[in-house]
Amino acid sequence: MPRVAVDPVKRFCDLIAALALLIFFLPVLLLASLLIRLESPGPILFRQTRGGLNGKAFTIYKLRSMRCEDDGDQIVQAQRDDDRITRIGRIIRATSIDELPQLLNVLKGDMSLVGPRPHAQAHDAYYGALIPAYPLRFQARPGLTGLAQIRGLRGATNDVEDMANRVKADIDYIDNWSLLGDLRIMVLTVPHLLLAENAY
């Protein structure tokens, strides 16, 4: 198994950083949760089954940003001007505030701060059948951010080539992993979140 999946220092850093970030962002999470509750009916947290380390399924947590929840064999990715997205949802998606509950996934060991972004199981099945290298991305814990994201490969994948480029970045990350590389990705994630045009 690649070192990225078993390195104890990476796991220790994940635990300390995730706990600190949860405490720091707690006021933001509480405010966003209140606004979600006031704007539309439904749960505050969105839960979906996704593929994790070695392809093992886990439940991912996000703040709900849509009026409906998809977690089956047919899942439609969010698109620009998607009418399923609420007003508050547009704000929290654009700023990635909706992703903050995944810090709980990091504490549980389902995810890491840095790694391949996890996809819905329906997308894993679809793209896994079309991209031979796709299963290799399961050799690391999925991350809140990753090499693909700082390469501008965030957001909807409109064709197989888009996903193939994301998978290539994921495999590059796994093959060349280092703690210093993780730190670089986390630092570079901030401007990418602020400037990304494909976040919606």
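Is Tyr127 buried or exposed? In this predicted model, Tyr127 has 7% relative accessibility and therefore counts as buried, where buried means under 20% relative accessible area, exposed over 50%, and partly exposed in between, with a 1.4 Å probe and protein chains only. Residues are numbered from 1 along each chain as its sequence is written. Because the model is predicted, local features need pLDDT of at least 70 and side-chain atom pairs count only at pLDDT 80 or more, while totals for chains, interfaces and linings use all residues; side-chain values use heavy atoms, with hydrogens and water left out.

The structure contains three aromatic pairs. Rings of Phe, Tyr and Trp (its six-membered ring) pair if their centres lie within 6.5 Å; planes under 30 degrees apart are stacked, over 60 edge-to-face, and the rest tilted. One of the pairs joins Tyr127 to Tyr126, edge-to-face, at 4.9 Å centre to centre with 80° between the planes.

Arg137 lies over the face of Tyr134, 5.4 Å from the ring centre. A charge sits over a ring if NZ of Lys or CZ of Arg is within 6 Å of the ring centre and within 35 degrees of the ring normal.

Now to the helices, which are DSSP runs of H or I with at least four residues, numbered from the N terminus (strands are runs of E with at least two). The UniProt record, an unreviewed entry, annotates residues 12-36 as "transmembrane region"; such annotations may be inferred rather than shown by experiment, and their positions follow the numbering used here, with feature names shortened. Over residues 12-36 the chain is 100% helix and 0% strand, with 33 Å between the end C-alpha atoms.

Helix 2 (residues 8-39) and helix 3 (residues 87-94) have axes that come within 9 Å and cross at roughly 150°. Axes are lines fitted to C-alpha atoms, for helices over the stretch in contact, and angles run from 0 to 180 degrees between N-to-C directions. Ala32, Leu35, Ile36 and Glu39 in helix 2 meet Arg87, Ile88, Gly89 and Ile92 in helix 3, contact being heavy atoms within 4.5 Å.
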